[in-house]
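Hi everyone, and thanks for making time for this. Have a look at the model on the screen, and then I'll walk you through a few places in it.

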Amino acid sequence: MTALSSENCSFQYQLHQANQPLDGNCLLFLIILGKILLNILTLGMRRKITYQNFMEYFCISLAFIDLLLLVNISIISYFRDFVLLGIRFTKYHICLFTQIISFTYGFLHYPVFLIACIDYYLNFSRTTKLAFKCQKFYFFIVILIWISVLAYVLGDPAIYQSLKAQNVYSYQCPFYISIQSYWLSFSMVVILFMAFLTSWSEVTALVQAVRMTSYMNETVLYFPFSSHCSYTLSSKKTLLPKFIICFLGTWLPFVLLQVIILLLKVQIPAFIEMNIPWLYFVNSFLIATVYWFNCHKLNLRDVALPVDPFVNWKCCFIPLTIHNLEQIEKPISIIIC
């Protein structure tokens, strides 16, 4: 399997060549089916949240598009050659639809990241009631971003030529490799590495001292600190190591996977790489970043803070002198989830 690049385009596309054997459609069906099962499992494991946000709506829409692609592949594979609404569908359209989806998914990483970042930043100036009223706006934004990116893919001359070339060489089915996901993953890994290097001593000390317990039917991490600490509870330097522990405590296997993919330069087709676990990983990274930059607002009761479906950012603090955690009736929480 090799990667192709178009030299006559205004920008470079990387295509994933796959010689289609007799059971190629069956393999594609199994890959999409596995991705859908992973989507369902991820959506089922998420925490219940009190209000919706852009990323939640987009994840649901992505699961729907994957399901729609699987249905199309199944119908075409079953009937093989049929006419619907005056259009003749053959096995060629299985590859064509998958290619279009790959290009569309590949160009969605940056817009989704940017819109989710703006959404979470604005959440610090909203109340929960106002955020609830914006659910229809989220739905409109998700539909708009899908239509815009799909229109760009279908209207771009370079993409059209690559899709047309597949019709000539029907035994080959190239899949787009997204450069956006590569640089997004690279940037997040580098930021995590720099943040860890900056506060590695504090992270090591906290890992040794951190205690986990249940408070109000939720799992809470207690980070002990000295009563003579010179930092405030909302200082960025104090929160950084705690956020690193909370983030890596959930996403460490996924971070290691990203490091392996980056080091080995593994090329993953865009229709596989854009998945719900990846989006929730990005989601947790964004929430942690917005929390850290707005640490001075974490104690405000009238601010509706973003809720992470997988990471509990409820960081509680107790003095080092207290040994019996059960003696504390109401611990101090800087993040109300």
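A word on the ground rules. This is a predicted model, so local features need pLDDT of at least 70 and side-chain atom pairs count only at pLDDT 80 or more, while totals for chains, interfaces and linings use all residues. Residues are numbered from 1 along each chain as its sequence is written, and side-chain values use heavy atoms, with hydrogens and water left out.

The chain has twelve helices and nine strands. Those are DSSP runs numbered from the N terminus, with helices being H or I of at least four residues and strands being E of at least two. Of the 337 residues in the chain, 47% are buried. By buried I mean under 20% relative accessible area; exposed is over 50%, and partly exposed is in between, using a 1.4 Å probe and protein chains only. Now contacts, meaning heavy atoms within 4.5 Å. If you take contacts with a separation of 6 or more, 79% of them are between residues 24 or more positions apart.

Let's go to helix α2, which covers residues 54–79. How does α2 pack against α6, residues 135–155? The angle is about 45°, and the axes are 9 Å apart. That makes α2 oblique to α6. For the angle words, under 35 degrees is roughly parallel, over 145 roughly antiparallel, 65 to 115 roughly perpendicular, and the rest oblique. The axes themselves are lines fitted to C-alpha atoms, for helices over the stretch in contact, and the angles run from 0 to 180 degrees between N-to-C directions.

Who is touching whom there? From α2 you have Phe-54, Tyr-57, Phe-58, Ser-61, Leu-62 and Ile-65, and they meet Gln-135, Tyr-138, Phe-139, Ile-141, Val-142, Ile-145 and Trp-146 of α6. Sorted by class, this contact of α2 with α6 has eleven nonpolar residues, two polar and no charged. The classes are simple: Ala, Val, Leu, Ile, Met, Phe, Trp, Tyr, Cys and Pro are nonpolar, Asp, Glu, Lys and Arg are charged, and the others, Gly among them, are polar.

Ile-141 is buried, at 16% relative accessible area. Not counting residues up to four places away in sequence, Ile-141 touches Phe-54 and Ile-115.

Helix α2 also packs with α4, at an angle of about 145° and with axes 9 Å apart. On the α2 side, Phe-54, Met-55 and Phe-58 meet Val-112, Ile-115, Ala-116, Asp-119 and Tyr-120 in α4. This contact of α2 with α4 divides into seven nonpolar residues, no polar and one charged.

While we're on α4, residues 109–123, have a look at Ile-118 in that helix. Ile-118 is partly exposed, with 44% relative accessible area. In sequence, Ile-118 and Val-290 are 172 residues apart, yet their C-alpha atoms are 9.6 Å apart in space.

Next, how many salt bridges does the structure hold? There are two, where a salt bridge is a side-chain nitrogen of Lys or Arg within 4 Å of a carboxyl oxygen of Asp or Glu.

One joins the side chains of Lys-35 and Asp-66, at 3.3 Å from N to O. Lys-35 sits in helix α1, residues 24–45, and Asp-66 in helix α2, 31 residues apart, linking distant parts of the chain.

Glu-56 is in helix α2, and Arg-46 is ten residues away in the loop between α1 and α2. Glu-56 is buried at 3%, whereas Arg-46 is partly exposed at 27%.

Last stop: Gln-180, in helix α8, residues 179–198. Gln-180 counts as buried, at 11% relative accessibility. Leaving aside neighbours within four places in sequence, Gln-180 is in contact with Gly-106, Phe-107, Leu-108, His-109, Tyr-110 and Pro-111.
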